[in-house]
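Thanks for coming, everyone. I'll walk you through one model today. Have a look at it first.

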Amino acid sequence: MSYPQIILHKGKEISFQRQHPWVFSGAIAKKDNHLNDGDLVEVFSSKLDYLATGYYANGSIAVRIISFKQQTIDHQFWHEKISKAYQYRLLLNLINENTNVMRLFFGEGDGVPGLIIDYYNGHVVLQAHTYGVYLHKDMIVEALKSALGNQLKSIYDKSAESLSKHFSGTVQNGFLFGHASGYILVKEYGHVFKIDFVNGQKTGFFIDQRENRKLLGSYSKGKNVLNTFSYTGGFSIYAGAQGANTVHSVDASESAIALCNENVALNPPFEHEGFAVDTFEFLKDKKDVYDIIILDPPAFAKSRDSKHNAVMGYKRLNVLALKQIKKNGLIFTFSCSGVVDKFLFYNTITSAAIESGRNIKILHYLNQPADHPVTPYFPEGEYLKGMVLWVE
Ligand code: SAH
């Protein structure tokens, strides 16, 4: 089958030589005037050499590439993409007796921009971030069924929240296969979490912090730990399980703190208190109270335009934590804003340290785990970065 053609301006095929999966609208010399959002297209160089196949969108990223080989985008195509992603995770040995939650498909990192699939103990939550992906959801469901076999209990589509406003009104969240009632219980490194995939943020859980939570646990024994932007208590549970003296969880969302308290109760007991308040307000009068502070805010920048304000936000937050933490304390600080790259983030932390007047050492540089793969072709996929700081 052949798809409508998109022809690039001379020289714009360069990015295809390094397999970058986006085509910006400015690179396009010629296209069909009747293209709709989500239509499959084939991209050609100015010399009419085939470059790649992708789907079209009205916007600055005009085409997202899903294949660098001329082929029909059919059941077989989706089956290969999904099973390849799954086989890769099997190699990582992520699913075992202690852990049954992982990201099963991570957009560009797995070869399909806009497709996110999370795996929660046999239940799968799918989020299409583009209409082009959403249009293929039936084939994606079939591919998931054949890749996961009888391990698969349900598939929930949560795309109404991830699609742009233009489409989100016309689609509804719901089960595409099987059913799960309300909550899913999962285990991560032996810790139990209740996942509210329907009402929770994103697909229900921040799987990307798994290895960083484990590291935090290893430093927590006997410490007073403050987990800010705690959501449902990911870091808190690890701290408590590893013998923290006390753990405080702070999140602006009441429902996140309610579920955080439930998660604490599902695990072996430890001293914990949850606060449904703003982190900046909470920290204001907490000088010399905590030995460890975790700062894992939501993406302060969602676009390039807000980058400057985001950097100022990260700086303000880190200055505050640096000023308040006890001597010999540790700060686990993160940014999940894609547009703030790691070097900008590191520089921001340096300037926060200077402004706070505290002496620091950098114990670790942190990132996202291997089930959120970064490829050399799409360095933008590296969105989560963090540092562990020792504060004198
Ligand atoms: N660390 C968490 C994920 C954090 S997600 C984990 O491991 O699961 C970011 C969280 O920050 C969200 O739950 C959101 O409700 C919360 N949040 C956003 N702004 C906030 C603020 N000003 N103060 C406190 N929490 C805030």
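Aspartate 305 sits in the loop between strand E17 (292–295) and helix H11 (307–324). Helices here are DSSP runs of H or I with at least four residues, strands are runs of E with at least two, and both are numbered from the N terminus.

A word on the source. This is a predicted model, where local features need pLDDT of at least 70, side-chain atom pairs count only at pLDDT 80 or more, and totals for chains, interfaces and linings use all residues. Residues are numbered from 1 along each chain as its sequence is written, and side-chain values use heavy atoms, with hydrogens and water left out.

Back to aspartate 305. Is it buried or exposed? Aspartate 305 is exposed, at 75% relative accessible area. Buried means under 20%, exposed over 50%, and partly exposed in between, with a 1.4 Å probe and protein chains only. Valine 250 is 55 residues from aspartate 305 along the chain, and their C-alpha atoms are 29 Å apart.

Now the other loop. Asparagine 36 lies between strand E3 (28–31) and strand E4 (40–44). Asparagine 36 is partly exposed, with a relative accessible area of 47%. Asparagine 58 is 22 residues away in sequence, yet the C-alpha to C-alpha distance is 7.6 Å.

On to the ligand. How many residues surround it? The count is 15, and the closest are Arg213, Asp251, Asp278, Thr279 and Asp296.

Next, the polar contacts, meaning pairs of N or O atoms within 3.5 Å. A side-chain N or O atom of aspartate 251 is 2.7 Å from a ligand oxygen. A ligand nitrogen lies 2.9 Å from a backbone N or O atom of threonine 279. The protein covers 89% of the 590 Å² of accessible area that the ligand has on its own. Those areas come from the Shrake-Rupley method with a 1.4 Å probe.

Last, the core. The largest nonpolar core has 35 residues, and Leu115, Ile117 and Leu144 have the most contacts inside it. Such a core is a set of buried Ala, Val, Leu, Ile, Met, Phe, Trp, Tyr and Cys residues joined through side-chain atoms within 4.5 Å. H4 gives the largest share, 7 residues.

Definitions and conventions. Near = heavy atom within 4 Å. Polar contact = N/O pair within 3.5 Å; in protein donor to acceptor, adjacent residues only side chain to side chain.
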